[in-house]
Amino acid sequence: MFDLDWIRKLIELIEESDLDTLEVSRFGTRIVLSKSPPVSARLSFADGGANPATAVDGARAEARAGVGVEDVSTAADEPSEELLEIHSPMVGTFYRAQAPDAPSYVEVGDQVKVGQTLCILEAMKLMNELESEVTGVVREIPVQNADPVEYGQVLFRIAEDEAG
Amino acid sequence: MFEKILIANRGEVALRVIRACRELGVRTVAVYSEADRDSLHVRFSDEDVCIGPPPARDSYLNIPRILAAAEITGADATHPGYGFLAENAEFAEICERSGLVFIGPTADQIRKMGNKSEARRTMAAAGVPIVPGSDGPVDDEDEAVEEARRIGFPVIIKASSGGGGKGMRLGEDEEGLRRAFVMARNEAKAAFDDPTVYVEKYISRPRHVEIQVMGDKHGNIVHLGERDCSIQRRHQKLIEESPSPALDAELRGEMGHAAVQAGASIGYSNAGTVEFLLDEDRNFFFMEMNTRIQVEHPVTEAVTAMDLVKEQIRVAAGEELTLREPPALRGHAIECRINAEDPENGFRPSPGTITAFHAPGGPGVRIDTHVYAGYHVPPYYDSLIAKLIVRANDRPEALSRAYHALEEFIVEGIHTTIPFLQTVLSHPDFEAGNVDTHFIERL
């Protein structure tokens, strides 16, 4: 699990070395540390459970020290929007498409409907289709194809359509 | 040796398994429910996977999710701890079929000993003394009464699929038995989804003395001495000790031999405990066999200087038993289970946040716990928060050490059974080693 002390250690590591960029990820939470000045010092955790407030304060403090922390999952300049998080209902492997050569079920920016298949979650050779519970636009997909995912992990962030 | 073990459990036993794995150089995977996000076993394992919401059936009892967690982390073995899926034959079998080594006996062995009335039959056939009782299940009241007349009142009606003290009713005479029989079947159906019951002679002031056994996959099996677990409240053990004040070398040899026979009769491998009732005339009777590592295993570790969990892992990995002969029991050990319960209010569970926590220490004092100051004890699981195990040169020193360690043990923010344990430890009958399984009731 990532916590502030751990992030500080990563920052020390990159500062003391000749590295320009250091990227660490696990279970969909990805941190990228870069010595080039960041576009924005916003940091978000892609696991849906952590409170990002203290992490953002820490990130701002470190940004002043000349090291930036960048969120890779979305464009940094988005206006904040209330997004519905789709959490994984099971433990398994996340696949964007039905087969390795097939097109992804959904892409960022796609409009989706209730009941539409968003992805496959595979465990023990059984493929489970995850269906959307809402109608809206896919804004973020904080996991990568073939990532292992745990119960509760955020898989999609959707901007729900206003009720018609 | 395994590369990576997934611990299919939580709390103090998960931490126990992680410690054994560390010493063996094996990597660990913790699985946890959302209620256990800040639990120590999650923090100290090498990897962790959230497997569900708090309720046990959606997390720690959820076989597909646990297997999926093993799959995505590449674990090659799993340790089930105690409770949860530890004695679930279906889980052991699915692991076997999926190529995930189950650190414990085979599914078949679990099944054989899991059905209590079948276990009695197996033991009787192996020449292990059993409590006089019905040969298999009893189907109706009349049959129960017939059996009771043969065995002699009072009798106890037990659920075949029960265990751990659940699903039992007393029949003191014919009328009482008829009433109790119907209720027992209904309770068994509700609790274990199986109404079959059997009848046993009720032994009035028994001691509960169990023998630790360990078998390997090469047909070797050994016993590691006894634990006296007579101090129980509603059939849940509170204090365990070794050696038992009621055993001398001769009786230990007989009971140890019987336990080994019991295990050998089913080719038992890995850790197991054969529970006996010991009556006041030094007769012992097989009660049940637990096909898992038990909560009180540290008591045996203290008097034999063995690491039972490491041994479980080694044996599961195919190694031969470390010991072939029963070890000598050295010194005296006592374990006290500390539960998050309020002894002044019917032992009502006391979940909540622990605001201060100081564990005792010093020579011969061991604490197995997963809690710490700031930890929130969740309401979803059993109430055990810590085990205190003391070891000393003799029983009086062990009693004194245990009592004083409990005095030094500070847990604030929740109620615990620490004061109650001190009352038991300082009771003259307990000090004299003169107890039976009804001791707590009589307090």
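The crossing of H7(B) and H8(B) is right-handed. Eight names cover who touches whom here: from H7(B) they are B:Glu141, B:Ala144, B:Val145 and B:Ala148, and from H8(B) they are B:Glu174, B:Leu177, B:Arg178 and B:Phe181. Sorted by class, this contact has five nonpolar and three charged residues, and no polar ones.

Before I go on, please keep in mind that this is a predicted model.

Now the geometry of that pair. H7 of chain B is residues 141–151, and H8 of chain B is residues 174–192. Their axes are 10 Å apart, and the packing angle is about 135°. Angles over 145 degrees would count as roughly antiparallel, and 65 to 115 as roughly perpendicular. H7(B) and H8(B) are therefore oblique to each other.

Stepping back to chain B as a whole, the domain assignment gives three entries: domain 1 at 4–85, domain 2 at 132–201 and domain 3 at 207–442. Taken over C-alpha atoms, the centres of domain 1 and domain 2 of chain B are separated by 38 Å.

Where in chain B is the place of B:Glu296? It is in the loop that runs between strand E13, residues 284–290, and helix H10, residues 297–304. Is B:Glu296 buried or exposed? There are 24 other C-beta atoms within 10 Å of B:Glu296, and the cut-off for buried is 20 or more, so B:Glu296 is buried.

Leaving aside residues up to four places away in sequence, B:Glu296 touches B:Arg227, B:Cys229, B:Lys237, B:Glu240 and B:Glu335. Take B:Glu335 from that list. B:Glu296 and B:Glu335 are 39 residues apart in sequence, and their C-alpha atoms are 7.0 Å apart in space.

Over to chain A. Its secondary structure comes to two helices and 11 strands. Along the sequence, the order in chain A is α-β-β-α-β-β-β-β-β-β-β-β-β. Chain A has 164 residues, and buried residues make up 30% of them. Among contacts in chain A with a separation of 6 or more, 59% are between residues 24 or more positions apart.

Last, the contact between the chains. How many residues does the contact take from chain A and from chain B? Chain A gives 10 residues and chain B gives 12 residues. On the side of chain A that touches chain B, the residues divide into six nonpolar, three polar and one charged.

That is what I have; I will take questions now.

Note on methods: Residues are numbered from 1 along each chain as its sequence is written. Chains are lettered from A and ligands numbered from 1 in the order in which they are written. This is a predicted model: local features need pLDDT of at least 70, side-chain atom pairs count only at pLDDT 80 or more; totals for chains, interfaces and linings use all residues. Two residues are in contact if their C-beta atoms, placed from the backbone, lie within 7 Å. Ala, Val, Leu, Ile, Met, Phe, Trp, Tyr, Cys and Pro count as nonpolar, Asp, Glu, Lys and Arg as charged, and the others, Gly among them, as polar. Helices (H or I, at least four residues) and strands (E, at least two) are DSSP runs, numbered from the N terminus. A residue is buried if 20 or more other C-beta atoms lie within 10 Å of its own, exposed if 12 or fewer, and partly exposed in between; C-beta atoms are placed from the backbone. Axes are lines fitted to C-alpha atoms, for helices over the stretch in contact, and angles run from 0 to 180 degrees between N-to-C directions. Angles under 35 degrees count as roughly parallel, over 145 as roughly antiparallel, 65 to 115 as roughly perpendicular and the rest as oblique. A crossing is left-handed if the near helix is turned anticlockwise from the far one by less than a right angle, and right-handed if clockwise. Domain bounds come from an automatic or database domain assignment.
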